[in-house]
Amino acid sequence: MGSVLVHYNTMVTAFMKSIGQLGDRAILKILAKSALVTGLFFLGLFFVFKWAVDWLTDVIMAGLASIFGSNAALLPYESAADTFLAIVLGLLASWLWFRAIAAALIPIFGDDVVRAVEAKHYPHALIRAHDTSFGHGLALGLKSLGRTLAVNILMLPFYIALVFTGVGLPILLVAVNAVLIGHDFEDMMMARHGEGFGLHNNDAKLYPAGTRFMLGLVTAIILTIPLVNFLGMIIGTAMATHLAHGREVQDHVKSNAKAR
């Protein structure tokens, strides 16, 4: 019971510290950059949907015209309907794919978040840190996307089986995302501090399993909340940094080192 309470307090402390730093200039700059990239991606997605809907509508209208005659009476409403449908599809895709896009941005912008948190709370850690290059960050992002696609394809039969349960599907989706996001954060911190912690890339055991899952779970839940989800990866990355430098994780790393 005591260890559970300590673990809970550690997670809450990391969360509150992460929230408290959202107003820092360094974090706001990162948030602006990530929001710009995400916004441009989804704007492009809207135009793709708009093109697809326009094409499909033209095909359908041409088919109806060949059967029922001229469709001129419907033309004034066609453009507005296409735009509305493209917006709806874009918003739906944004909600469904936000986790995957945000995860891909972790390695690209995550190192900046970690650096800002360490500069304020753990200045000693900056000395031994390995800043992640853009190329390495991009490689980690692609690895994250590949892992996300592979796991979700494997889980697809379970998603389909739970689709009519109402509650089962969202719970499973959040749980799967929690596991994936936890591994993303671990990869990021390992790339920056693995050697400093006495670990190597093939170990990938920086966080205790429970801590890694809870870190991913908190982030996954935030990512499901509209208008707040764009903060999810910033908060999660900051939490990952606090936890990595916290006593619980450091004791875990030392224990594993002794076991080896």
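Student: Is the crossing of α5 and α6 left-handed or right-handed?

Tutor: A crossing is right-handed if the near helix is turned clockwise from the far one by less than a right angle, and left-handed if anticlockwise. Here, α5 passes α6 in a right-handed crossing. This is a predicted model, in which local features need pLDDT of at least 70 and side-chain atom pairs pLDDT 80 or more, while totals for chains, interfaces and linings use all residues. Residues are numbered from 1 along each chain as its sequence is written, and side-chain values use heavy atoms, leaving out hydrogens and water.

Student: What describes two packed helices?

Tutor: The angle between their axes and the distance between the axes. For α5 (residues 134–162) and α6, the axes come within 10 Å and cross at roughly 160° (helices are DSSP runs of H or I, at least four residues; axes are fitted to C-alpha atoms over the stretch in contact, with angles from 0 to 180 degrees between N-to-C directions). So α5 is roughly antiparallel to α6 (over 145 degrees; under 35 is roughly parallel, 65 to 115 roughly perpendicular, the rest oblique).

Student: Which residues of α5 and α6 make the contact?

Tutor: Among them are L140, R147 and F158 of α5 and L172, H183 and D187 of α6, with contact meaning heavy atoms within 4.5 Å.

Student: How do α6 and α8 pack?

Tutor: Helix α6 (residues 168–193) and α8 meet at about 60°, with axes 10 Å apart, which makes α6 oblique to α8. Residues in this contact include F185 and M188 of α6 and T237 of α8.

Student: Where is T237, and which residues does T237 touch?

Tutor: T237 lies in helix α8 (residues 232–244). Leaving aside residues up to four places away in sequence, T237 touches G110, V113, V114, F185 and M188.

Definitions and conventions: Helix = DSSP H or I, 4+ residues; strand = E, 2+ residues; numbered from the N terminus.
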